[in-house]
Amino acid sequence: MEKMDRLRDAITDYINDNGVEYQRLLLSRTFYTKLKKEADDHDVPIDLPNMEIKDNVEYDFKLLP
């Protein structure tokens with residue numbers, strides 16, 4: 001569950017560093033597809049607030065205030 005762990009760690013770090021939760025989570029279509037496959041393989045839902053899927057971007061994900 002590499003993608004899920006990476007995203008979870010980034011969210012945790014963001015909250016610890018900023019003292020608040022993110023307001024927007026931007027995911028590249030490629031990263032989301034891999035994340036979705038990982039979640040389906042482990043029968044785990046993807047339940048993240050304020051998630052937006054973006055096409056043609058050069059990042060895997062971004063957490064925004």
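Asp-41 is exposed, at 54% relative accessibility, where exposed means over 50% relative accessible area, buried under 20% and partly exposed in between, with a 1.4 Å probe and protein chains only. This is a predicted model, in which local features need pLDDT of at least 70 and side-chain atom pairs count only at pLDDT 80 or more, while totals for chains, interfaces and linings use all residues. Residues are numbered from 1 along each chain as its sequence is written, and side-chain values use heavy atoms, with hydrogens and water left out.

I stay with Asp-41 for a moment. Its side chain meets that of Lys-37 in a salt bridge of 3.0 Å, N to O; the term means a side-chain nitrogen of Lys or Arg within 4 Å of a carboxyl oxygen of Asp or Glu. Lys-37 is exposed too, with a relative accessible area of 52%. Helices here are DSSP runs of H or I with at least four residues, strands are runs of E with at least two, and both are numbered from the N terminus.

Now the helix as a whole. H2 has 13 residues and reaches 18 Å from its first C-alpha to its last, close to the 18 Å expected at 1.5 Å a residue; the expected span is 1.5 Å times one less than the number of residues. Its buried residues are Phe-31, Leu-35, Glu-38 and Ala-39. Seen down the axis, these buried residues fall within an arc of 100°, so they line one face of H2. The arc is taken from the directions from the helix axis to the C-beta atoms. On the other side, Thr-30, Lys-37 and Asp-41 are exposed.

What covers the buried face? The cover includes H1, S1 and S3.

The S3 side has the aromatic pair. Phe-31 and Phe-61 are tilted, 5.3 Å centre to centre with 50° between the planes. Rings of Phe, Tyr and Trp (its six-membered ring) pair if their centres lie within 6.5 Å; planes under 30 degrees apart are stacked, over 60 edge-to-face, and the rest tilted. Phe-31 is in helix H2, residues 29-41, and Phe-61 in strand S3, residues 61-64, which puts them 30 residues apart. Phe-31 is buried at 2% relative accessibility, and Phe-61 is buried at 16%.

Lys-3 is in contact with Phe-31, Lys-34, Leu-35 and Glu-38, leaving aside neighbours within four places in sequence; contact means heavy atoms within 4.5 Å. Lys-3 is buried yet has no salt bridge, and the nearest side chain of opposite charge, Glu-2, is 4.1 Å away. For charge, Lys and Arg count as positive and Asp and Glu as negative, with His and the chain ends not counted.

H1 also has a link to the loop between S2 and S3. Arg-6 forms a salt bridge with Asp-60, the closest N and O atoms being 2.8 Å apart. That pair spans 54 residues, from Arg-6 in helix H1 to Asp-60 in the loop. Arg-6 is partly exposed at 36%, and Asp-60 is partly exposed at 31%. The structure holds 8 salt bridges.

Last, the backbone. H2 is followed by Asp-43, whose phi is positive, near 55°. Asp-43 is exposed, with a relative accessible area of 72%. Asn-56 also has a positive phi near 55° without being a glycine, and is exposed at 82%.
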